[in-house]
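Please work through the exercises below with the sequence and the model side by side, and try each task before reading its solution.

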Amino acid sequence: MTPLPIRRRRTSWVYSRPIVGLAVLGLFATFVSPFPALTVQSAEDTGEAKAEPETNGERELFTGQVVLLREALKRRGLRVADEMADQAVLETPEGDVIPILADWRGRAFFQDERLRDRKVELVAYRREHLPYLQALMVFTFDEDGVRQYTDYWCDVCSIPMYEIKPCECCQGDIRLRFQPQDLPDYLKLDAVSSSSATDSK
Ligand SMILES: [Zn+2]
């Protein structure tokens, strides 16, 4: 019967020292929580520039429509369970289905149906051995067919964001933003060089 007193003593230690518990919580709040916040902010603030050092594939232009995997497979006569249904995929004009990685830039296609079922151009890359498309820039087209660089924007703080969330600065609402913009020059140069190479054959 000796374990009983020990158990009681432990219990009473916890309850008799609520201040210790509060102090520990306070330390967590003070020292632990700022670090994830800072990490998230610095990774997302800089957009494409931040992502580029991690790029080990070539940036390419991918075109097509983003749909949910369930729809893409249904058109091919395949039915899948809910676990696979809501994966965002790019359907290319050639009929390829490429899953999109839900990272800092691709996540918006999972969140925002306004970005799906419409013509898009994605500056993106694929890593070797991985099927996922990692988007860096998203272009959509308006009713007149004008190419629009597409991201999110806080009108109060004037900062861009790349997924739906409260503004990183004021915590207010952000809006989907469309800006008429050409494709980046590095893609145009690639296109020119590859087409001229084809022409010369
Ligand atoms: Zn804001």
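Predicted model: local features only at pLDDT ≥ 70, side-chain atom pairs only at ≥ 80, totals over all residues.

**Exercise 1.** Determine how many helices and strands the chain contains, and what percentage of its residues is buried.

Solution. Begin with the secondary structure, where the chain shows eight helices and eight strands. Then turn to burial, for which the count gives 16% of the 201 residues as buried.

**Exercise 2.** Find which strands pair with β4, and in which sense.

Solution. First locate β4 at residues 119-126, where six of the eight residues are buried. Next, follow its pairing with β1 (residues 60-68), which is antiparallel and runs over six bridges, with Q65 standing opposite K119 of β4. Then take the pairing with β5 (residues 133-141), which is also antiparallel but has seven bridges, and in which L122 has V138 as its bridge partner. Finally, inspect the hairpin of β4 and β5, where six residues lie between the strands and H129 takes a positive phi near 75°.

**Exercise 3.** Identify which element gives the largest share of the largest nonpolar core.

Solution. Start from the core itself, which has 25 residues, with L122, A124 and A135 among those with the most contacts inside it. Two or more residues come from each of β1, β2 (88-91), α7 (107-111), β4 and β5, and the largest share, six residues, belongs to β5.

Notes
Residues numbered from 1 in each chain as written. Buried ≥ 20, exposed ≤ 12 C-beta atoms within 10 Å, placed from the backbone. Helix = DSSP H or I, 4+ residues; strand = E, 2+ residues; numbered from the N terminus. Pairing = 2+ DSSP bridges. Core = buried A, V, L, I, M, F, W, Y, C linked by C-beta atoms within 7 Å.
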